[in-house]
Amino acid sequence: MNYFIRRPWDLPQSVHTEESVYRDRKQARRDFLKSIGLGAGGLAIGGLLPGCGKPTLEELEDAGAVTVDTAAYPAPPNGAFEYGREETAREEAARFTNFYEFTSSKAVYQHVDKFEPTPWKVEVTGLCAKPGTFDLDDLIKLAPLEERAYRHRCVETWSMCVPWTGYPLHKLLMAVEPQAAAKYVLFKTCNRPEQAPQMAIPRYPWPYTEGLTLPEAMNELTLLTTGIYGQPLLKQHGAPIRIVIPWKYGFKSIKSIVEIELTDQLPATFWNTLNPHEYGFEANVDPQVPHPRWSQEWEWMLGSRDRFRTQIYNGYGDWVGDLYGS
Ligand code: MTE
């Protein structure tokens with residue numbers, strides 16, 4: 001499914017994809033080729049099959065478009081944030097996405113047609129004085145939207161630089177008034193197997209959940225995100241609302257959230273439940289801590305495939321080092 005030409009330093013897909021997923025994908029491909037009368041010898045012509053060309057930006061945006069009020073976009077940029085490298089082309093970010101509810105391939109845009117991100121509500125529950133359910137419109141008006149140029153680092157070693165639109169999550173958390181006993185924040189993605197095909201596969205611990213400590217959730221960088229590239233989020237990027245946490249591996253940046261719970265318990269998270277040995281709860285970007293199956297010392301950019309040395313906390317140490325005593 002990958003479109004790129006592998007370079008000597010690129011890890012094979014089998015390395016930076018969860019093993020069971022990789023095996024399933026290989027099997028699905030074999031089954032498909034068998035179904036059209038091609039055995040193993042037919043693998044080489046995969047690129048010639050219909051639908052395998054690069055989609056245009058228009059096609060990607062059509063596939064992922066959501067009908068929401070666009071009046072608040074683009075939001076004013078926050079000058080405190082710079083990528084320090086080139087921005088990723090919008091089409092590169094939109095066609096190479098991770099959203100396991102729809103597919104374990106990167107071509108999520110091909111599987112989101114049934115997904116209906118409007119109307120949408122987010123419930124804020126748990127250890128807070130003012131729990132509540134917020135419509136998307138209410139949430140967007142809760143604090144001024146701004147645009148932030150963030151680097152994003154996936155645990156699989158790819159990275160991108162994209163402008164997200166949103167506001168710091170602490171604005172919402174302060175509005176619900178966390179109680180002193182609250183230590184963690186749990187996030188939940190919607191649970192809609194009828195709209196998201198992979199959610200019908202029971203061996204995954206659906207719905208996708210993620211979590212932060214309360215101080216991490218209150219950090220200025222943690223962004224409640226409703227837009228990207230000056231427009232509302234596309235479905236494949238987690239429409240209509242997600243979290244972006246730029247100093248942690250991308251799997252913490254949970255998409256299409258419907259619930260935020262303040263709790264005194266360490267939240268069970270999707271990847272940590274599937275494979276605790278490989279996906280820790282904290283998941284801070286750190287070049288010195290290899291993934292059990294690959295090094296984290298380098299990363300490569302979507303589109304250009306330029307390589308950069310991975311930076312501790314993805315280069316955001318000035319913002320978050322205090323959280324970890326560094
Ligand atoms: N959120 C949900 N609900 N489901 C997912 O599969 N994938 C995560 C994260 N959020 C994921 C998710 C991973 S692994 C990454 S790297 C980022 O989303 C990718 O964000 P992007 O696809 O918008 O680039």
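Which residue is the bridge partner of Leu186 in β6? Gly211 is, and that pair makes a handy way into this structure.

## Before we start

What you're looking at is a predicted model: local features need pLDDT of at least 70, side-chain atom pairs count only at pLDDT 80 or more, and totals for chains, interfaces and linings use all residues. Residues are numbered from 1 along each chain as its sequence is written, and side-chain values use heavy atoms, with hydrogens and water left out.

## The sheet

Val185 has its own opposite number in β6, namely Leu212. Strands here are DSSP runs of E at least two residues long, helices are runs of H or I with at least four, and both are numbered from the N terminus. Two strands count as paired if DSSP finds at least two bridges between them.

β5 also pairs with β10, again in the antiparallel sense, this time over 6 bridges. There, Tyr184 stands opposite Thr263. Zoom out and you get an open sheet of 5 strands in the order β2-β1-β10-β5-β6, with mixed pairing. At the edges sit β2 (132-135) and β6 (209-213), each pairing on one side only. From one strand to the next, the twist averages 15°.

## A helix on the sheet

Helix α5, residues 169-176, packs on this sheet and touches β1 (121-126), β2, β5 and β10 (257-263). Touching means heavy atoms within 4.5 Å. The direction of α5 makes about 60° with that of β10; axes are lines fitted to C-alpha atoms, for helices over the stretch in contact, and angles run from 0 to 180 degrees between N-to-C directions.

## Around the ligand

There are 18 residues around the ligand, and Tyr100, Glu101, His237, Arg242 and Lys255 come nearest. To be listed, a residue needs a heavy atom within 4 Å.

Now for some polar contacts (pairs of N or O atoms within 3.5 Å). A backbone N or O atom of Tyr100 is 2.7 Å from a ligand oxygen, and a side-chain N or O atom of Lys255 is 2.6 Å from a ligand oxygen. Thr189 puts a polar side-chain atom 2.9 Å from a ligand nitrogen. On its own the ligand has 530 Å² of accessible area, and the protein covers 99% of that (Shrake-Rupley method, 1.4 Å probe).

## Salt bridges

The count comes to 14 salt bridges, each with a side-chain nitrogen of Lys or Arg within 4 Å of a carboxyl oxygen of Asp or Glu. One of them joins Lys121 and Asp135 at 2.8 Å, N to O. Lys121 is in strand β1 and Asp135 in strand β2, 14 residues apart.

Terms used
Polar contact = N/O pair within 3.5 Å; in protein donor to acceptor, adjacent residues only side chain to side chain.
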